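This briefing concerns a single structure and is arranged by topic.

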Amino acid sequence: MVRIAPSILAADFARLGAEIDSIREGKADWLHFDVMDGLFVPNLSIGLPVLESVRRYTDMFLDVHLMIREPGRYVERFCEAGADLVCIHAEADAEEGIRAALREIRRLGKKAGLALKPGTAWDAALPFIEDVDLILVMTVEPGFGGQSFMGDMLDKVRAIRGWIDERGLDCMLEVDGGVDADTAPRCIAAGANVLVAGSAVFNKPDRAAAVAAIRGA
Ligand code: DX5
Ligand code: ZN
């Protein structure tokens, strides 16, 4: 089963409730929520107050992608604010800080994810495999929506898929950045089973058609 997770970053924030309704009715599986701190990535986005409001509004699965430095400082608050999954970046802290943050997310009853920037080798995820429910392979440089898909990241997806399957691990594999109806089949063929898509969903008037096209239905 492949899950489609539209990224809220591409939504119209003045109409957020209606935007969420449109993807829910359009049969999206998750809502992807991008948090940026202006330090780990050169951009700012949304954070805790918006997540709290979204949580009150919808029971959709909230996939929170933290593009912030030293995420351990904030994972508890994002869990409390209503995240179902909190994904942190392998590059955002030293190994012990990342491990402690992943374990805290799970201790709080949420799913824990680990994201890899394009320049980070696939095996950077290896030391954390016991502590993650999801690995996110970035297929653009994090920080901005609407960028072009980096096809050379598919080797990384394939490597991680092989490693998960060889060991029979219960770990999802997500891709994020430049995913649309053309690039999604390549991601799925490489072994991804969660596809984030921002502009390819929210820039289309018919959200159901956009989600179906990405799913390949
Ligand atoms: C980028 C974010 C993505 C972004 C994807 O840093 O992590 O989730 O919103 O947007 P598109 O699908 O437009 O590349
Ligand atoms: Zn994201």
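Leaving aside its neighbours within four places in sequence, with which residues is Glu-104 in contact? Glu-104 is in contact (heavy atoms within 4.5 Å) with Gly-72, Val-75 and Glu-76, those neighbours aside. The model is predicted: local features need pLDDT of at least 70 and side-chain atom pairs pLDDT 80 or more, while totals for chains, interfaces and linings use all residues. Residues are numbered from 1 along each chain as written, chains are lettered from A and ligands numbered from 1 in the order written, and side-chain values use heavy atoms, without hydrogens and water.

**Glu-104**
- Glu-104 lies in helix α4 (residues 95–107); helices (H or I, at least four residues) and strands (E, at least two) are DSSP runs numbered from the N terminus.
- Glu-104 counts as buried because its relative accessibility is 17%, where buried means under 20% relative accessible area (1.4 Å probe, protein chains only).

**Strands β2 and β3**
- In strand β2 (residues 30–36), seven of seven residues are buried.
- Trp-30, His-32, Asp-34 and Met-36 point one way from β2, and Leu-31, Phe-33 and Val-35 point the other way.
- β2 runs parallel to strand β3 (residues 61–67), and seven bridges join them; strands pair if DSSP finds at least two bridges between them.
- Met-36 has Met-67 as its bridge partner in β3.

**Helices α1 and α2**
- The axes (lines fitted to C-alpha atoms over the stretch in contact) of helix α1 (residues 16–25) and α2 come within 11 Å and cross at roughly 55°.
- Residues Leu-16, Gly-17, Ala-18, Ile-20 and Asp-21 of α1 meet Val-50, Val-54 and Tyr-57 of α2.

Technical notes: Buried means under 20% relative accessible area, exposed over 50%, partly exposed in between (1.4 Å probe, protein chains only). Axes are lines fitted to C-alpha atoms, for helices over the stretch in contact, and angles run from 0 to 180 degrees between N-to-C directions.
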